[in-house]
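Subject: Structure handover

Hello,

Here is the structure I promised to pass on. Please open it first, then read the notes below it.

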Amino acid sequence: MKKLSNQLILALVAVLGLISSLQAQTSENKNYLFIHEAWAFEKAPKIMENQGHNAVTIHLLGHSLASTLLAEMTITACVDKVAAAVDEISSYVVLVAHTLGDSTIMLVGELSSNRFESIIYVIAFMQRNREPLLTLALSDKETQMFLNLSLEPGNHFSFFNQDGVISIFYYNINPKKVQEPVLKLNWQINAFYVQPIATSDEKFRSVKRINFKMLQERMVTPELQLRMINSIPPETVMELDTGHLPFLWKPERFVTTL
C-alpha cells in the first residue's frame with residue numbers, strides 16, 4: 001500500500017478540521033427568548049431545551065389567565081418585562097417575536113441591541129422607523145383581523161371575538177386543543193397599533209433580522225408579509241406552509257427551521 005502524500009494528508013486534515021468546526025457550530029447552545037405569548041410557544045421551547053439550548057418564554061401583559069389591571073397594561077411595562085428577561089440571560093440572545101411582539105422588541109432593541117445575536121420575526125409586523133403598526137395592518141386588504149376585533153369604550157384596549165380567534169388563529173389546530181388557549185386571550189393594548197416607534201441604525205436596526213413567512217396566515221396575510229420583506233429586507237427569509245401558530249401546529253418543523 002502506497003504511503004499517503006504530504007499534500008493528501010494536509011487535505012484530509014483540512015477536511016476533518018472543517019467537519020469538526022461545522023459540528024461545533026451546529027451543536028452550539030444558544031439562548032432563545034420567545035415573546036409574546038408564553039403558553040402558545042409551549043411545545044417548541046421544550047424541544048429546543050432537549051437539544052441543549054436555553055429557551056425562555058414570556059407573555060406580554062394581558063396575554064395569560066393571570067388577571068392584570070388595564071391601567072397596568074402599558075407599552076412601557078411590556079418593554080420593562082422583556083428587558084428584564086434579557087438581563088437575566090448571561091450571553092447573547094436570539095429574540096423570537098410573534099405578531100404583536102414586534103413593537104416591544106423595537107423598543108427593547110434600542111435599549112439592549114448589543115445583547116442580541118439576531119431577531120427572528122414570526123408573522124411579526126416589520127415597521128419602518130416611526131411607522132405605526134396600524135398603517136401596515138390597514139393596508140392588508142385580505143386580513144380577517146379587524147372583522148373580529150372588539151374595542152372597549154375608551155378605545156385604549158381591544159379584544160378578539162372567540163369565533164374570530166378560532167377562524168384566524170386556530171383553524172388548523174385540533175379542536176380539542178383550542179379551548180384552553182382561547183380562554184387565555186385577554187385585552188390587548190391598542191397603543192401597540194397606533195404609537196410610532198423611533199429606531200436608530202446603530203442600535204435596533206443594526207441587529208441581524210430573520211423573517212419567517214407563513215403561507216397560510218390569515219391575520220398578517222402572505223401578501224403583506226411579502227411587502228414588508230421587500231420594504232425592509234431581512235438577511236434571511238424562511239417559508240413555512242403553516243398558519244398563525246406554527247409552533248403549535250408543526251412544532252418539530254418550526255424548531256428545525258429555527
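Which residues line the second largest cavity? They are Tyr 121, Val 122, Ile 123, Ala 124, Met 126, Asn 211, Phe 212, Val 220, Gln 225, Met 228 and Ile 229.

Before the rest, some ground rules. This is a predicted model, in which local features need pLDDT of at least 70 and side-chain atom pairs count only at pLDDT 80 or more, while totals for chains, interfaces and linings use all residues. Residues are numbered from 1 along each chain as its sequence is written, and side-chain values use heavy atoms, with hydrogens and water left out.

The cavities

A search of the whole structure finds two cavities of 30 Å³ or more. A cavity is a set of points, on a 1 Å grid over the protein atoms alone, where a 1.4 Å probe fits but cannot get out; lining residues have an atom within 4 Å of a point. Grid points are joined across faces, edges and corners, and a volume is the space filled by probe spheres set on the points.

The second largest cavity has a volume of about 40 Å³. β4, β8 and α9 are the elements that give two or more residues to its lining. Helices (H or I, at least four residues) and strands (E, at least two) are DSSP runs, numbered from the N terminus. The largest share of the lining, three residues, comes from α9. By class, the lining has nine nonpolar, two polar and no charged residues. Here Ala, Val, Leu, Ile, Met, Phe, Trp, Tyr, Cys and Pro count as nonpolar, Asp, Glu, Lys and Arg as charged, and the others, Gly among them, as polar.

One lining residue deserves a second look. Ile 123 sits in the loop between β4 and α5 (133-138). Its phi is near 55°, a positive value in a residue other than glycine. Ile 123 is buried, at 2% relative accessibility. Buried means under 20% relative accessible area, exposed over 50%, and partly exposed in between (1.4 Å probe, protein chains only).

Salt bridges

The whole structure holds five salt bridges. The term means a side-chain nitrogen of Lys or Arg within 4 Å of a carboxyl oxygen of Asp or Glu. Side chains of opposite charge can pair when their charged atoms come close.

- Glu 117 pairs with Lys 30, with the closest N and O atoms 2.9 Å apart. This pair links distant parts of the chain: Glu 117 is in strand β4 (residues 116-122), Lys 30 is in the loop between α1 (6-26) and β1 (31-35), and they are 87 residues apart. Glu 117 is partly exposed at 34%, and Lys 30 is partly exposed at 23%.
- Glu 239 pairs with Lys 213, and here the closest N and O atoms are 3.9 Å apart. Glu 239 lies in strand β9 (residues 236-240) and Lys 213 in strand β8 (residues 209-214), so the pair ties together parts 26 residues apart in sequence. Glu 239 is partly exposed at 47%, whereas Lys 213 is buried at 11%.
- Arg 227 pairs with Glu 223, the closest N and O atoms being 2.7 Å apart. Both lie in helix α9 (residues 222-231), four residues apart, about one turn of the helix. Arg 227 is partly exposed at 32%, as is Glu 223 at 43%.

Helix α2

In α2 (residues 43-50), Ala 44, Pro 45 and Met 48 are buried. They cover an arc of only 95° around the axis, which puts them on the same side of α2. The arc is that of the directions from the helix axis to the C-beta atoms. The cover over these buried residues includes β1, β2 (54-57), α10 and α11 (251-257). Just after α2, Gly 52 takes a positive phi of about 100°.

Two loop residues

Thr 242 is in the loop between β9 and α10 (246-249). Thr 242 is buried, at 2% relative accessibility. Leaving out residues up to four places away in sequence, Thr 242 touches Asn 172, Met 214, Leu 215, Gln 216, Glu 217, Trp 249 and Lys 250. Contact means heavy atoms within 4.5 Å.

Asn 155 is in the loop between β5 (149-151) and β6 (157-160). Its phi is near 65°, a positive value in a residue other than glycine. Asn 155 is partly exposed, at 48% relative accessibility.

Best wishes

Note on methods. On a 1 Å grid over the protein atoms alone, a cavity is a set of points where a 1.4 Å probe fits but cannot get out, and a pocket is an open set with protein on both sides within 12 Å along at least five of seven lines; lining residues have an atom within 4 Å of a point.
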